[in-house]
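Biologist: I'd like a close look at one part of this model, the aromatic pairs. Could you walk me through them?

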Amino acid sequence: MRIMAQMAMVMNLDKCIGCHTCSVTCKQAWTNRTGLEYVWFNNVETRPGLGYPRRYEDQDTWKGGWELGRNGRLKLKGGGRLQKLATIFNNPKLPEIEDYYEPWTYDYENLLNAPAGKTFPVARPHSLLDGRPMNPQWGANWDDDLGGTYKTGHDDPMLKGIEEKVTFEFDKSFMFYLPRICEHCLNPTCAASCPSGAIYKRAEDGIVLVDQNRCRGWRMCISGCPYKKIYFNHSTGKAEKCTFCYPRIEVGIPTVCSETCVGRLRYIGLMLYDADAVTAAASVKDEQALYEAQRGVFLDPRDPAIAREAERQGIPLDWIDAARKSPVLRLINDFKVALPLHPEYRTMPMVWYIPPLSPIVDAVRETGHDAEDAGNLFGAIDALRIPLEYLANLFTAGDVEPVRNVLDKLAAMRSYMRDINLEREPREEIARAVGMTGAEVKEMFRLLAIAKYDERYVIPTAHAEQAHALEELATDCPVGEGSPGVFGGGSGGPVPVAIQTLRETKARMQADDMRQVPGSVSYLDWDGHGVPGRDTTEERHPHGIPGAGPDLPVDPQAEAPLKGMRAQEDPQ
Amino acid sequence: MSTFLFAVFPYLAMAVFVVGMIWRYKYDKFGWTTRSSQLYESKLLRIGSPLFHYGILFAVLGHVMGLVIPKGWTDALGISQDAYHLVAVVGGLVSGAMICVGFAILVFRRRTVKTVFNATTVNDKAMYLVLGLTILFGMWNTISTTIDHHHNYRETVSPWFRSIFAFSPNVDLMATAPFQFQAHAVLAFVLILIWPFTRLVHVFSAPIQYLGRPYVVYRTKGDTGQRPTPSRAPQGTWTSPTARK
């Protein structure tokens, strides 16, 4: 048994309102650079829908992930090592920019500079790739909220097997949001597909990263990843991907997407797993058994024998402790309400999802029935096959049973807690019907609904003795060409990203105004002269005579007339 | 002049090549890529790129056969000049055609697809010019050898090429070769001279080690392969063309 720790995430889809805050903050933090205009490390898809890039889940086309060979052993669906090298001059399975979308901006300047005329000036869209005026035809969330789905929705690969039953008539449809980041898989195909060996899994926390100095831009990772969550920076010619915000995680703060999630639906914590068991679990023949097989490789740190062995194998004690308190462990293994996204890709993904009950609740409510009544909900979960089968296609390779169990638990929690809220006697039989006790239901409710910050995120800090190695792992964010200090100012030698970020975040949070934050600039009190943030009183000279200013006495009484003088000089 | 071109210049080019490659690897690992343009356009690339690259690989083998293996060896094996010539000409024409067609498609694509053209640096253009001229003269050599048996490069160019590596360059041999052979050789050394400073470095990242590597790479502390240069802007010859917009 080789025990390893994995930083993992669970998202509670019932609480996602599709506001895209996670996408936007992630974009601002990581991909607002040339070459990554079309890239969203975090995106939110409306399902049913085509996703981003379009139809990425159709592995008959893209050949991402693993499959079982005739000998029952795992092999890359996109072809083995020799085939990869043979097709290295032209990657045959690479999505084109149209499969994502052609990024664009607007000609805002025209709004200001257009000559006066009868009509309002407009800001025309221009391609960010070649600058030409363009007519946007698709975007990262073009079919948001089922927009246009009546036309495109039937191309959703996840409708396989239930095509006839799904209608895209607006009033009869169901929908939910699916936020996606890199899965940081236990058995990642991007890393396995990389000819250069540039993509690696960090042994300490399982985060999958691209070594920018080793990547040679062969693009095999992009084809290999079935989730299409690794991207090609067309400016630098290198692959880039979600980093699980490792500089933040190392100092114990959650990822940007989690931190800024308004719905508070993301959970981050450690999972301990047996690395020796991964290949066998990923090679299970029956696709629908992969969910249980993956749960089988997880180890329970609350078991003293496991904890002792983990410690013996060098996992720090505070990490084992954090693994015990991991909300992810509670949701995946105790309550069993979280499911992996597309276990059939056999990559052992580590961002799991609590499937949404809301499409069913909405349907029940629309029929005029009580949508919080356990009986009504249980019945509806069975009766409304379409959402159930669709969710099963996403999370359990089509097996509706685990999905039904999760939804039953969520329905039971809803119903059980309503009685408590209405100061009625809670009915234990509701909890029992889904194999739980009332206390467990309450605890699940606390974790899912109250969702305290400290309970959602249990992130042990990287160890000081490891920290140096971690941040120097050649993963330095490739923030671009000749633009030092993208992470903020600072002089002297390079400051490791993690430490710098923490220091600045803290300073920003505690400061009363931005002038106290080193490296920051406040535009609020900038008068438009000189350089913002630099004290302009030192730069400008009264009467325009160089040297006149600084030589004046600087005691407070002498300052006053000087200020008056400037005010006269600058009638603003 | 021939002393410079056929004795001094090859050593100069190779010295710059060796030092340049070490420098580039040490200071510009981040820029060590061809900056693939497949994301912009893939239909033309799908035909042009494999044609060109497999043609080049084929041609490299042909050059090894023609330049490195002395005529005496093949004679000793009983391979007649006619038989050798047939193999060389057929191989040369096929790979030459692949290279020329592939190169033409790639250059056409690079010029006409605006996104690809925008991503082309001056450095790239200069390199394509030298490479194109080298290919042109190489093709001329192949065709002239096919038509006219009169000049046997295995008695002039090849011994000269080997004499460079024996550190006693035989300038006279090369000086008697036809113009197109001289031009091809000099251009090839120009290509070697500029090699470390262009995207051609990608040739030396052919990922052969992939065949023997475990699929998933783990890294732990102190196991970074080599010490990176953190928090530093990439150095070297390369600047992103799109970043300048």
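To start with, is Tyr390(A) buried or exposed?

Modeller: Tyr390(A) is buried, with a relative accessible area of 0%; buried means under 20% relative accessible area, exposed over 50% and partly exposed in between, using a 1.4 Å probe and protein chains only. Bear in mind that this is a predicted model, where local features need pLDDT of at least 70 and side-chain atom pairs count only at pLDDT 80 or more, while totals for chains, interfaces and linings use all residues. Residues are numbered from 1 along each chain as its sequence is written, chains are lettered from A and ligands numbered from 1 in the order written, and side-chain values use heavy atoms, without hydrogens or water.

Now the rings. Over all chains, the whole structure holds 34 aromatic pairs; rings of Phe, Tyr and Trp (its six-membered ring) pair if their centres lie within 6.5 Å, with planes under 30 degrees apart counted as stacked, over 60 as edge-to-face and the rest as tilted. One of them joins Tyr38(A) and Tyr100(A): the centres are 4.9 Å apart and the planes at 70°, so this pair is edge-to-face. Both Tyr38(A) and Tyr100(A) are buried.

Back to your tyrosine: Tyr390(A) pairs with Phe176(A), centres 6.1 Å apart and planes at 75°, so that one is edge-to-face too. Phe176(A) sits in strand 7 (residues 176-180) of chain A and Tyr390(A) in helix 18 (residues 385-395), so the pair ties together parts 214 residues apart in sequence. Helices (H or I, at least four residues) and strands (E, at least two) are DSSP runs, numbered from the N terminus. Phe176(A) counts as buried as well, at 3% relative accessibility.
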